[in-house]
Amino acid sequence: MLSSRSLTQTLFRTAKASSSRNAVFPATRAMATVVSDLFKPTKYGGKYTVTLIPGDGIGAEVTESVKTIFKSGNVPVEWEQVDVTGVVTGNSHPEELFRESVNSLRRNKVGLKGILYTPVERSGHQSFNVALRQELDIYASVVLIKNMPGYVTRHSNVDMCIIRENTEGEYSGLEHQSVPGVVESLKIVTRMKSERISKFAFSFATANQRKKVTCIHKANIMKLADGLFRSTFHEVAKAYPRLEVNDLIVDNASMQAVSRPQQFDVLVMPNLYGSILSNIGAALVGGPGIIPGCNMGREYAVFEPGCRHVGLDIQGRDQANPTALILSATMMLRHLGLDDHATRISQAVYDVVADGKVRTKDMGGNSTTHDFTNAVLKQMERQ
Ligand SMILES: NC(=O)C1=CN([C@@H]2O[C@H](COP(=O)(O)OP(=O)(O)OC[C@H]3O[C@@H](n4cnc5c(N)ncnc54)[C@H](O)[C@@H]3O)[C@@H](O)[C@H]2O)C=CC1
Ligand SMILES: O=C(O)CCC(=O)C(=O)O
Ligand SMILES: [Mg+2]
C-alpha cells in the first residue's frame, strides 16, 4: 500500500495557470490531473472497469448523459453499475445494494457516483453517501469553485479549492437521546485525521502552484475540537514555508466568500463547514449543476458532483444540468491517465457553455438535459 506521502505527491501535479486552449478551466484540470501510479486500477481487454452509482433524483438522467458521451467518444471504460438507492420502498433491499456498491468499489478502486437520498424525517437511516466515504476511507473531498468562461455571474476571477475532511467531524453519525428532550450529537475530531487532511491540502497547493492555504474553523467556540483541527493545521504548515498560511472563523469565511471570494485560494476544513462552503461557492459561480468533485483516499477514488445535490424536485423532467457529473467524470479520466479523452470532453462542455446557445434552466436557459448532451456530442465531433 502506498503511504499518504506518496499519495499527495503523485496526486495533483499540474500547472494552475495556463493560456492553452485546453486549460480553459485549469483548476478543474489541476484537480483532476492525477498521475495514475496511485491506485493502478486494472485494465481488462483494454478497458478500465469503473463502478457506476447513478444515485437518486436526477442521477439516472445525468448518468445517461455521461454514458452517452463516453460511448460516442470511444472512452475505454466499462461500467459496473449498481443501482443503490437511499429511497426506501416496500420491496427494495437498500442495505444489500449498498454492500454491493462498496464491494464493487473495492474491486475496481474507482467509481463515478450521483447522490443518494437521505430522508430527513426517517430516524435510524444513515446516509449511504457518508457511510460510503467512511467505509472506503476516501477522506479528502476536493471541490473546485471557479468561474466558467463565458458564463457571467456577480463575481469574476473566483478560483478557490475547498478541501474537506470527509470521514469524521459533524458527520460522525453518533447521536443519542440521553433522556427525553435531551439529545447529544458527537462531533469527532482526531489529530490523525486533521493532520492527514492538512497534509493533503498543502501538498495539493504545492503541486498546483497555489499560493495560500486557509484553515476554516470555529475554534473560538469549539475550543477542543476545532482547536485541535486548527493547531494541527498550523503544525503541519511549518513544513511548507513557501505557502502563505492563515485561518478564519467559519462565520466570517462565509461572509467573505460572498463579498470578496477572490481572496481565497485553497481552503481546508472539517466536514460540515466544507458542505456549507461548497454550497456557497457553487452559488457564486453558477450553482450545483456545474461543480465537479472527488473523494480521494489512499486506495480508492470516487468522483461525484461537488455540491452533492439529489435534485428530487426536478427528477424525470429532463431539466437537470449534467455538467457537474460530466466534469467529475473527466476528472476521473485524468485519474485513470486518459487525459486525451478527458480534455476532448471537458473542452466540449466549456465550449457549449461559453457559446451560450444551449443552456439548462439552472443557468438561465431553456435547454433540456438531452439538448445539452447532444450539443456536447456535436462539439466533440467538431474538434
Ligand atoms: N437531501 C439529501 O438526501 C441529501 C442532501 N445532501 C446535502 O444537503 C444539501 C441540500 O440538499 P437538498 O436539499 O437535497 O438539495 P436539492 O437536491 O433539493 O437541490 C437544491 C436545488 O438545486 C437544484 N439542483 C441540484 N442539482 C442540479 C442540477 N444538476 N441541475 C439543475 N438543478 C439542480 C435542485 O433542483 C434544487 O432545486 C446539499 O447541499 C447536499 O450537500 C447531500 C446528500 C443527500
Ligand atoms: O448524505 C447526505 O444525506 C448528506 C451529505 C452531505 O451533506 C454532503 O455530502 O455534503
Ligand atoms: Mg452537503
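Which residue just after H4 takes a positive phi? Lys-109 does, at about 75°. This is a predicted model, in which local features need pLDDT of at least 70, side-chain atom pairs count only at pLDDT 80 or more, and totals for chains, interfaces and linings use all residues. Residues are numbered from 1 along each chain as its sequence is written, and chains are lettered from A and ligands numbered from 1 in the order in which they are written.

**Figure 1. Overview of the chain.** The chain holds 12 helices and 13 strands; helices (H or I, at least four residues) and strands (E, at least two) are DSSP runs, numbered from the N terminus. Of the 383 residues, 50% are buried. A residue is buried if 20 or more other C-beta atoms lie within 10 Å of its own, exposed if 12 or fewer, and partly exposed in between, with C-beta atoms placed from the backbone.

**Figure 2. Helix H4, residues 94–108.** H4 has 15 residues and reaches 21 Å from its first C-alpha to its last, close to the expected 21 Å; the expected span is 1.5 Å times one less than the number of residues. Phe-98, Ser-101, Val-102, Leu-105 and Asn-108 are buried in H4. Seen down the helix axis, the buried residues of H4 fall within an arc of 140°, so they line one face; the arc is that of the directions from the helix axis to the C-beta atoms. On the other side of H4, Glu-96, Asn-103 and Arg-107 are exposed.

Figure 3. Most residues other than glycine have a negative phi. Lys-109 lies in the loop between H4 and S4 and counts as buried because it has 22 C-beta neighbours inside 10 Å. Asp-318 has a phi near 60° and is found in the loop between S13 and helix H10 (323–335). With 14 other C-beta atoms within 10 Å, Asp-318 is partly exposed.

**Figure 4. Surroundings of ligand 1.** Ligand 1 is surrounded by 22 residues, of which the closest are Thr-118, Gly-289, His-309, Asn-321 and Asp-362. A residue is near a molecule if its C-beta atom, placed from the backbone, lies within 6 Å of it. The shell around ligand 1 has 10 nonpolar, 9 polar and 3 charged residues. Ala, Val, Leu, Ile, Met, Phe, Trp, Tyr, Cys and Pro count as nonpolar, Asp, Glu, Lys and Arg as charged, and the others, Gly among them, as polar.

**Figure 5. Surroundings of ligand 2.** Thr-118, Ser-127, Asn-129, Val-130, Ser-275 and Arg-308 surround ligand 2. By class, the shell around ligand 2 has 1 nonpolar, 4 polar and 1 charged.
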